Structures are given as structure tokens and as C-alpha cells.
Amino acid sequence: MISYYLGNYEVGIYNGIMKISIIMTFLTVSISSFIAPKISQAYSKKNYVEVRALYKNTFIILFVSGLSIAIILYLLSTTLLGIFGSEYISYKQTYNVYLLTTFISGAVFGPIGYF
């Protein structure tokens, strides 16, 4: 879809940036998928206290681990972007915005879909 609005060069840059940030997406999906059956079981038993506790605990785990990974990826951004080529380093600001939005969507809103 992005190729409809941007050229091949920008799509290539976005693709590289996305590949670095996929670590955080993987974390969110892994943790949320693990907790989903527990949420379903607690909800079907109408144990809303447990559902609330599961959401709170999942949020804390995703927030802390996501923030840790985001900080590491931010600190290593020049090195990581340099892996794809020197032209990627000039898109460090784009990378940082993508990293921030990936963190927010994963840590803050990640488990909501299962609830």
C-alpha cells in the first residue's frame, strides 16, 4: 500500500526500518498470544477480576520489555541502520518515529485485541 504513495526508494527505506523494528512486534504478538487462552478461560468463567489482573500484568510485561527493547534499538540506531547501507542513516528520524509508534501500539494497545 505504501508503494502507491511513495517511490521505490522510499519503500526500500521503509522496508529496512520495518525489519529492524519487527523485534518489538514479535514480542507483542508472542506475549499476547500466550496470554489469550488464559483471558478466554477467565472470561468464560465470568471471572472479571482475573481478566483485569491478566490485562494489567500483560500491560506491565509488554511495557517494560518493549521499553527496554526500544531503548536498545534507539541507542543502536546508527549501527543497525548502517547494516542496510549508509543511505539509511540519513533516515534516522523516520526510524525513531517508527520505533516509537511500534512501541506504543505494541506495549499500550497490544493486548486489547484479545480482550
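**Exercise 1. Determine which residues F84 contacts beyond its sequence neighbours, and where F84 lies.**

Step 1. When neighbours within four places in sequence are left aside, F84 is in contact with G16, K19 and I20; contact means heavy atoms within 4.5 Å.

Step 2. F84 belongs to helix α4 (residues 77-84). Helices are DSSP runs (H or I, at least four residues), numbered from the N terminus.

Step 3. F84 counts as partly exposed because its relative accessible area is 33%. The classes are buried, under 20%, exposed, over 50%, and partly exposed in between (1.4 Å probe, protein chains only).

**Basis of the values**

This is a predicted model, in which local features need pLDDT of at least 70 and side-chain atom pairs count only at pLDDT 80 or more, whereas totals for chains, interfaces and linings use all residues. Residues are numbered from 1 along each chain as its sequence is written, and side-chain values use heavy atoms, with hydrogens and water left out.

**Exercise 2. State where in the chain confidence is lowest and where it is highest.**

Step 1. The quantity is pLDDT, the predictor's confidence in each residue, from 0 to 100. Its average over the chain is 84, and 92% of the residues score at least 70.

Step 2. Helix α1 (residues 2-5) has the lowest confidence, with a mean of 66, while helix α3 (residues 48-75) has the highest, at 91.

**Exercise 3. Identify the residues that line the largest cavity, and the elements that supply them.**

Step 1. A cavity is, on a 1 Å grid over the protein atoms alone, a set of points where a 1.4 Å probe fits but cannot get out; lining residues have an atom within 4 Å of a point.

Step 2. The largest cavity holds about 40 Å³ of space. Grid points are joined across faces, edges and corners, and the volume is the space filled by probe spheres set on the points.

Step 3. Its lining consists of M24, L27, T28, L62, G66, T102, F103, G106 and A107. Two or more of these residues come from each of α2 (8-44), α3 and α6, and α6 provides the largest share, four residues.

Step 4. By type, the lining has five nonpolar, four polar and no charged residues. Ala, Val, Leu, Ile, Met, Phe, Trp, Tyr, Cys and Pro count as nonpolar, Asp, Glu, Lys and Arg as charged, and the others, Gly among them, as polar.

Step 5. T102 lies in helix α6 (residues 92-108) and counts as buried because its relative accessibility is 9%. Beyond four places in sequence, T102 contacts S21, M24 and T25.

**Exercise 4. Locate the bend in α2, and describe the backbone at K46.**

Step 1. α2 bends by about 45 degrees at S21. The bend is the angle between axes fitted to the seven residues ending at a residue and the seven starting there.

Step 2. K46 is in the loop between α2 and α3. Although K46 is not a glycine, its phi is positive, about 60 degrees.

Step 3. K46 is exposed because its relative accessible area is 60%.

**Exercise 5. Decide whether T58 is buried or exposed, and list its contacts.**

Step 1. T58 is placed in helix α3. Its relative accessible area is 2%, so T58 is buried.

Step 2. Not counting residues up to four places away in sequence, T58 touches I31, I35 and P111.

Definitions and conventions. 1 Å grid on protein atoms, 1.4 Å probe; cavity = no way out; pocket = protein on both sides within 12 Å on 5 of 7 lines; lining within 4 Å.
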